[in-house]
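Visitor: I would like to learn how to read a structure feature by feature. Where do we begin?

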Amino acid sequence: QVQLVESGGGLVQAGDSLRLSCVASGRTGSNYAMGWFRQAPGKEREFVAAIRWNGGTRYYADSVKGRFTISRDNAKNTVYLQINSLKPEDTANYYCAADIQTARVRMGTPSNWGRGTQVTVSS
């Protein structure tokens with residue numbers, strides 16, 4: 001199993017930027033695909049972004065393209081989510097995910113989940 005711990009969330013104003021981090025530990029390996037999801041109050045969890053194990057291919061939800069950037073540092077077992085031009089509708093709990101298979105991350109069925117970090121955007 002892989003343990004995932006997110007950080008970097010907080011209360012920000014619309015237009016601000018944030019960088020979320022997710023550190024993996026346990027049975028880790030640089031061959032895991034990783035991703036980010038978010039869940040707003042009263043809504044289902046939704047896919048945000050994913051990155052293949054080598055960082056060569058990145059995937060984004062249409063709703064975040066152009067503002068969100070996913071990246072990873074395999075030497076640090078860490079994946080990042082840079083969020084620019086934050087909007088109130090970005091308010092959600094952001095979860096990190098990891099799986100050997102990239103498809104599982106993209107489909108929202110990864111084997112490993114973090115507990116999330118809350119992002120709240122005020123208007």
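Guide: Begin with Thr-102. Leaving aside residues up to four places away in sequence, Thr-102 touches Ala-33, Arg-52 and Tyr-59. Contact means heavy atoms within 4.5 Å.

Visitor: What kind of model is this, and how are residues numbered?

Guide: This is a predicted model, in which local features need pLDDT of at least 70, side-chain atom pairs count only at pLDDT 80 or more, and totals for chains, interfaces and linings use all residues. Residues are numbered from 1 along each chain as its sequence is written, and side-chain values use heavy atoms, with hydrogens and water left out.

Visitor: Is Thr-102 buried or exposed?

Guide: Buried means under 20% relative accessible area, exposed over 50%, and partly exposed in between (1.4 Å probe, protein chains only). Thr-102 counts as buried because its relative accessibility is 12%. Thr-102 lies in helix 1, residues 102-107.

Visitor: How many helices and strands does the chain have?

Guide: Helices (H or I, at least four residues) and strands (E, at least two) are DSSP runs, numbered from the N terminus. The chain has one helix and 11 strands. Along the sequence the pattern is β-β-β-β-β-β-β-β-β-α-β-β.

Visitor: Which residues have the most contacts inside the largest nonpolar core?

Guide: A nonpolar core is a set of buried Ala, Val, Leu, Ile, Met, Phe, Trp, Tyr and Cys residues joined through side-chain atoms within 4.5 Å. The largest one here has 35 residues. Leu-4, Met-34, Trp-36, Val-79, Leu-81 and Tyr-94 have the most contacts inside it. Elements giving two or more residues to this core include strand 1 (2-7), strand 4 (33-39), strand 8 (78-83) and strand 9 (92-99).

Visitor: What does Tyr-94 touch?

Guide: Setting aside residues up to four places away in sequence, its partners include Glu-6, Trp-36, Phe-68, Leu-81 and Val-119.

Visitor: What share of the chain is buried?

Guide: Buried residues make up 44% of the 123 residues. Of the contacts with a separation of 6 or more, 56% are between residues 24 or more positions apart.

Visitor: Where does Asn-77 lie, and what is its phi?

Guide: Asn-77 lies in the loop between strand 7 and strand 8. Its phi is near 50 degrees, a positive value in a residue other than glycine. Asn-77 is partly exposed, because its relative accessible area is 28%.

Visitor: And where is Ser-85?

Guide: Ser-85 is in the loop between strand 8 and strand 9. Its phi is near 50 degrees, again a positive value in a residue other than glycine. At 40% relative accessibility, Ser-85 counts as partly exposed.
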